[in-house]
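Here is a short briefing on a structure with its sequence. Please look at both before reading the points below.

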Amino acid sequence: MSPTRFASEHKWIYWGAIVLLVGLAVTGLIRYEAVKANNETRKKAEQLQTELVKAGYPSPDVDTVEQLLGTDGGVVCEQPGNALKAALWKIQQSNGAAGPGMRPVISDTKALEVERIVLQVYCPDKVDDFQEELNDLKTDDTVRR
Amino acid sequence: MSSIDTPAEVPRPRAATQTAAPSTMTWVTLALMTTASVASLRAAPTMAIYGLACVFLYLVPAIVFLLPTALVSAELASGWNGGVYRWVAEGLSKPLGFLAVWCQFAMTIFYYPSLLAFVASTIAYVIDPSLASNGVYTAIVIMVLYWTGVWVSSRGTKALAGLSSWGLIIGTLVPGTILVVLGMVFLGQGNPSAAPMNASHLLPEWTGLASLVLIVNNFLSYSGMEMNAVHVSSLKDPAKEYPKSMFLAMGLVLLIFILPALAISWVVPADQLSLTAGVMQAFDAFFSYFDIGWMTPIAAVMLISASLAGMLTWLAGPSKGLLEISRQEGYLPPFLQKLNKFGIQQNILVTQGVVTSVIALMYALIPNVSSVYWIFSTITTQVYLIVYLLMFAAAMRLRKTKPDHPRGYRVPALGLVCTVGLLSSLAALGIGFVPPSQFGGSSVWSYVLFIGCGLLVLGFLIPWLFLKFRKPNWRTAAAGAPSEGGRA
């Protein structure tokens, strides 16, 4: 193959990758909806704050919680017990590797438990699915607080 | 400490003096490829939970594992072309060289589905989060991305070197810098760090075995540093340039792992990070603080490009090493040794692709497979540790048996460095048998048995079968004959 054809084919690969990534970013920006703070989001965030403090966690920033979880818990409440989501969640409970060195570790108890409290406040009907996953885990206090 | 030297009285390394193939990449590109193989921001939220202790969790493994791996592979690659198969073949034996590159290759088969499942869920986060729980969607994304990666890899090293380097820059270096700058702005505004940054938080919580598992398993954060040495012959002057490339990659990897994780821990408290499941949601928490939540989908796209860049380097590296030794020694059937017009091991890539596709489809479509998939990451990392054991042993032996072989770089106190590397690898191998959280309260011995059997089958039985059933006429190239851009 001639060097010219080789280079022009490469150009197509690069342009293809750029178009796809930019297209995805634009789609993401269009679809992105900032949570609009209202009485409902505030009420939920404060409820979560109360529950967390009761469970021994430091009080979270209510404004950030409103932004993250809105009124319905956002992505956290999106089928938490689904097999694929649970699988990825389990794979993610790992060491600090970002490549093929990723390996599961013994996770921190409080870091995992906090998600159950979020579900309890924002989508109590989905707690059971997640609780099953959580019950199967053996954890320890590995984070210094 | 370390030095890069080519004394005048010593003949220059073979790699540097031969004039065969033209160089196809610079040492900076190779450094970026190496960094892309190992590091990304994917782990930053996970490690940010540990606060200041994440520095310890990355630095200690860097001293006992990253440094030995980087230094030893720098010396070996500056003396011998071809990567780990060649080093082990020269230092120990050719069958062990095959075992080393097989282990490097085999573990990637299980890595791709989990990596691409993460990419699929990140794309879903950008487009429509409900897709993340859809098996058919996940299967389609994995298939399309994986086979596109195979196609790009089969176009030659130059194509993937460019893509993976840019993937690292766009997907890791740029967003990593943004995270760190925002973190500094946060502190500069007079805000106290969310995670305590005092001496008492330098070390992680000690809870016995769980902490040991965390620390030792972090050695593996750096696995893959030596993998791109297989492309060393694509450099203009491998003897001098490879060590430089390795040192640059080492610095980049450390910065990418430590600084963004610290920046996140300054802004978002550990327990607030855990409020939301998932990597992207953690980034959302970070950006939401600065009222730039719209950055999250852009960060997601960047993370996708970094993950795909990493995949490309893994597709090209181990399969090339497997091809090289198989052509020279006839370890694989001729069908698998066939090259395409770009000199790429297309049939190995396609065969690997078929196996990976089957595993990926099972992962995406069969809940019983996906729910236990995490266990394969333990087995494959165990298999990968065999590569390191062989590499350190080979380096020590080569210093004894071929002390005068020209090397562009010599590791000071090689024996000590290799011993530290060997002990670290053995410790990681041993700790791999300790059940993690995901195994729950089931029998420890059943876990040990499962991991042990996986290690035996994938790491020993399959390569042994290839060696046992090989035929003399499978040898298709004289020892040392190159494929794409290769020089012996």
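A residue is buried if 20 or more other C-beta atoms lie within 10 Å of its own, exposed if 12 or fewer, and partly exposed in between, with C-beta atoms placed from the backbone. This is a predicted model: local features need pLDDT of at least 70, side-chain atom pairs count only at pLDDT 80 or more, and totals for chains, interfaces and linings use all residues. Residues are numbered from 1 along each chain as its sequence is written, while chains are lettered from A and ligands numbered from 1 in the order in which they are written.

**Helix H2 of chain B**

- Helices (H or I, at least four residues) and strands (E, at least two) are DSSP runs, numbered from the N terminus.
- H2(B) covers residues 27-38.
- Its twelve residues reach 17 Å from first C-alpha to last, close to the expected 16 Å (1.5 Å times one less than the number of residues).
- Eleven of the twelve residues of H2(B) are buried.
- They are B:Trp27, B:Thr29, B:Leu30, B:Ala31, B:Leu32, B:Met33, B:Thr34, B:Thr35, B:Ala36, B:Ser37 and B:Val38.
- The cover over these residues includes H8 (157-188), H10 (238-267) and H13 (295-329) of chain B.

**Chain B overall**

- Chain B holds 19 helices and zero strands.
- The C-alpha atoms of chain B fill a box of roughly 65 × 50 × 45 Å along the principal axes.
- Of its 488 residues, 61% are buried.
- Contacts need C-beta atoms, placed from the backbone, within 7 Å.
- Of the chain B contacts with a separation of 6 or more, 85% link residues 24 or more positions apart.

**Chain A overall**

- Chain A has six helices and zero strands.
- Buried residues make up 41% of the 145 in chain A.

**Where the chains meet**

- Chain A gives 68 residues to the contact and chain B gives 91.
- On the chain A side, H1 (3-31), H3 (62-69), H4 (83-92) and H5 (109-122) each give two or more residues.
- H1(A) supplies the largest share, twelve residues.
- The chain A side divides into 36 nonpolar, 17 polar and 15 charged residues.
- Here Ala, Val, Leu, Ile, Met, Phe, Trp, Tyr, Cys and Pro count as nonpolar, Asp, Glu, Lys and Arg as charged, and the others, Gly among them, as polar.

Key: Contact = placed C-beta atoms within 7 Å.
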